[in-house]
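Q: I have not looked at this one before. Can you walk me through a few parts of it?

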Amino acid sequence: MRHVDSFEIQAPVPQSPNGVPRSAWAKGRRRVSRWHQPYTAILLLLDFGAAVLASWISISLFEKATAGFSDANDDPTWFHTVTYLLLPLGWLIVLWGTGAYDRRYLGLGTDEFKRVIRASVTVAASVSFLAFATKTDLSRLSVATALLGAMILILFFRYLARYVLHTVRKKIRHAAHRMVLVGTLPEALEVYTAVTRSPAAGLIPVAIHLTDGYAAARGIETPVPVYAGRDVLGLVREVGGDTIAVCGSASAEPGELRRLAWQLEGSGIDLVVAPQLTDIAGPRVHIRPIEGLPLLHVEEPTLSGPALLAKNLMDRVAAGLGLLLLAPLFVAIAIAIRISDPGPVFFRQPRVGHEGRTFRVWKFRTMYVDAEDRLAGLVDQNETDGMLFKIRQDPRVFPIGRFLRASSLDELPQLINVLWGEMSLVGPRPLPADDGDFLGDVRRRLLVRPGMTGLWQVSGRSDLSWDEAVRLDLYYVDNWSLAYDLSILWRTIGVVLARKGAY
């Protein structure tokens, strides 16, 4: 940790005609992060290869149908030129036009994949129109296979490229943006905490420039150096940054943010604004410009309607099928539990559910039958804060139970709760019902059904602090969607296999 200790006032820097310091303008281009350029080049090659591979697969599967097209035109060379060159190039042009190579959407979030799907629809429509306009006789099945296969392969290759990018960012901290946070110390530290939660995002704060509260900030420990009274562009150049993040009220003075944007023109330095609006997902936030004033419109969270009905239907169907398919595994686990420690196979504990209703959760028993009696002697060994009690090496857990916990198999009986509508496949954590009323922000998590898995599980589970776990639960309540649920279910598979945070 570092102490706030830099408050020197820098001498005026010579300005270029457009107000940009000459030194910053001259060196800014060399400082800007260029990771997206080779990454985009790789994506171009992967997308082109995916389109070529999809065409080859289609021709191989439907050789007779495509042969008819080739013979009809009496020019196989032209056919292969269209199939292996012009069509893949068309894919690249449409992908570029839909913003699928825009660095703002690369490496994080779902926008990149949405734009690929949008491009796929455009390519399919364009091919159909050209075939109709030129009266070309095409095999519908072969064309559909080529177009659908190209979309699937492009999405798959981009997923692999993103995985490699995230690995590089996490392991060696390359291919990232170096940020200078501008604002008051509390605002800057809040943004610092938010952007460093996910190393995969590729945002690395390297310095804080205070706009207010110089004296109050002295002597406070901070994770990065703190400065004040400096020329921001000069500071960015000094610390090797390529992005300025304006935090909260730092842009409150009329025209200040606009003038900063003018100064950055031609410098190669990015400007981002971090408003005091945290834990609200992108789909709920829209910019509505009115007379040159960009207003952030925040929509209400969707807690009812067709999407919720579809979620409930998906929960019930998946739970029913899961219980049928896993019945033999349930029997094997039940036998192992009875052999390990005579007693009930299931452990049923009261939990608080949707709208504060109490229900009894189903779980495979993993502790000895006298576990509750031994709890009082272990309270002082609790390794978590908040309402939950957790010990990594809990002596009350028998060996088979330890395996069930590590593999999360002990939670499979909660499919019964899902089938009965007491829980959901994805949702906040179900908390014990004997801890009294839930006050403050925690109560908001009761607006939805608790889940077998959720953000808490894919983000660390028992390794999380109580405050962080509550934050994730509230984030899910405010931003849930069917696509988000499917994403969490997919991430859960990897977390369970890695046994991350399970004890």
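What follows is a short chat about some helices and strands.

A: This is a predicted model, where local features need pLDDT of at least 70, side-chain atom pairs count only at pLDDT 80 or more, and totals for chains, interfaces and linings use all residues. Residues are numbered from 1 along each chain as its sequence is written, and side-chain values use heavy atoms, with hydrogens and water left out.

Q: Ok, strand β6 then. Why is it called largely enclosed?
A: Five of the five residues of β6 (residues 243-247) are buried, so the rest of the structure largely encloses this strand. Buried means under 20% relative accessible area, exposed over 50%, and partly exposed in between, with a 1.4 Å probe and protein chains only. Strands (E, at least two residues) and helices (H or I, at least four) are DSSP runs, numbered from the N terminus.

Q: Which way do the residues of β6 point?
A: Thr243, Ala245 and Cys247 point one way, Ile244 and Val246 the other, and all are buried. In a regular strand, side chains alternate between the two faces of the sheet.

Q: Which strands does β6 pair with?
A: Strand β2 (residues 177-183) pairs with β6 in the parallel sense over four bridges, and Val180 has Ile244 as its bridge partner in β6. Strand β7 (residues 270-274) also pairs with β6 in the parallel sense, over five bridges. There, the partner of Thr243 is Asp270. Two strands pair if DSSP finds at least two bridges between them.

Q: New topic. What is the order of the open sheet with three strands?
A: The order is β11-β10-β13, with antiparallel pairing. β11 (358-364) and β13 (431-432) are at the edges with a single partner strand each, so one side of each has no neighbour in the sheet.

Q: How many bridges join β10 and β11?
A: Seven, in the antiparallel sense, with β10 covering residues 346-352. Trp362 in β11 is the bridge partner of Arg348.

Q: Now helices. Which residues of α7 are buried?
A: Leu185, Glu187, Ala188, Val191 and Val195. Seen down the axis of α7, they fall within an arc of 160°, so they line one face of the helix. The arc is that of the directions from the helix axis to the C-beta atoms.

Q: And how far apart are the end C-alpha atoms of α7?
A: They are 16 Å apart, which agrees with the 16 Å that the 12 residues (185-196) should span at 1.5 Å a residue. The expected span is 1.5 Å times one less than the number of residues.
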